[in-house]
Amino acid sequence: SPVAQSLSGRHAVVTSGPTHEPIDPVRYIANRSSGRQGHAIAAALARRGARVTLVSGPVTIATPAGVDLVAVETAREMLAAVEDALPADIAVFVAAVADWRSADAADSKMKKGPGGPPALALVENPDILATTGHHRARPRLVVGFAAETNDLLANAVAKLDRKGADMIVANDVSKGGADQGVMGGATNTVHLVTRSGSEAWPQMTKEAVAEKLADRLAVLLETAP
Ligand code: C5P
């Protein structure tokens with residue numbers, strides 16, 4: 001059934017998927033993010049009438065209907081695409097951005113040799129959420145995700161301030177089980193953390209998390225100063 005067009009006239013930027021950080025022309029550093037949660041959030045925001053820019057790393061899932069996809073590979077490309085997409089009313093950072101990239105990706109394929117394996121020097125990637133949270137064109141609502149195994153609420157509150165976010169959706173990855181859905185799975189068990197408190201949501205599909213979050217963001221945007 002059609003949902004209310006409560007985000008009509010709004011622009012939302014969503015990051016999704018992993019990033020790929022090249023080591024040489026044929027190898028890269030990556031992670032197991034499927035993009036399922038980020039893509040579901042982009043779809044839910046679009047269904048509520050928002051114009052949605054979905055900045056996604058390499059994924060195999062389909063682009064949701066009605067969103068503008070910007071396909072990127074690296075964290076630096078993702079940051080540039082997010083900054084290009086501003087201004088926005090809402091930004092939701094769901095991508096599993098690689099924390100590090102190769103300090104000097106080789107221009108040609110690295111070869112095995114008598115010298116033994118190469119040393120891989122890493123440097124830190126930019127934090128896309130923190131950059132946007134402290135941006136001169138900061139969106140009204142800035143939302144991050146966090147996978148925590150312990151001190152979930154304390155870590156999420158600290159992340160609110162450090163990253164300049166209004167809300168952190170904290171994944172409880174300590175619960176275990178066959179399908180916690182944290183990387184590549186179908187479900188998520190999250191806590192919604194804002195400066196005014198936190199609430200625990202039951203285990204839900206990533207699509208259900210997306211719908212509930214989109215509804216919440218629409219209300220916050222209506223009522224925020
Ligand atoms: O610091 P941590 O990786 O736990 O933060 C997770 C949140 O920050 C997620 O919303 C993720 O999309 C975002 N992030 C980012 N750029 C990075 C690292 C994380 O946007 N380089």
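This is a predicted model: local features need pLDDT of at least 70, side-chain atom pairs count only at pLDDT 80 or more; totals for chains, interfaces and linings use all residues.

Residues are numbered from 1 along each chain as its sequence is written, and side-chain values use heavy atoms, with hydrogens and water left out.

A word on terms. A pocket is found on a 1 Å grid over the protein atoms alone, as an open set of points where a 1.4 Å probe fits, with protein on both sides within 12 Å along at least five of seven lines; lining residues have an atom within 4 Å of a point.

The largest pocket has a volume of about 920 Å³, volume being the space filled by probe spheres set on the points, which are joined across faces, edges and corners. Its lining has 40 residues, and Val 94, Ala 95, Ala 96, Val 97 and Phe 145 lie nearest the centre. By class, that lining has 18 nonpolar, 14 polar and eight charged residues. Here Ala, Val, Leu, Ile, Met, Phe, Trp, Tyr, Cys and Pro count as nonpolar, Asp, Glu, Lys and Arg as charged, and the others, Gly among them, as polar.

Now the ligand. The residues around it, meaning those with a heavy atom within 4 Å, include Phe 93, Asp 127, Gly 144 and Lys 163. This shell divides into eight nonpolar, one polar and three charged residues.

A ligand nitrogen is 3.0 Å from a backbone N or O atom of Ile 128. A ligand oxygen is 2.8 Å from a backbone N or O atom of Phe 145. At Lys 159, a side-chain N or O atom lies 2.5 Å from an oxygen of the ligand. Taken alone the ligand exposes 450 Å², of which the protein buries 83%, by the Shrake-Rupley method with a 1.4 Å probe.

Last, the second largest pocket. It holds about 270 Å³ of space. Among its 14 lining residues, Asp 166, Met 167, Thr 194, Ser 196 and Leu 220 lie nearest the centre. The lining divides into five nonpolar, four polar and five charged residues.

Note on methods. A polar contact is a pair of N or O atoms within 3.5 Å; within protein, one must be able to donate a hydrogen and the other to accept it, and residues adjacent in sequence count only if both atoms are side-chain atoms.
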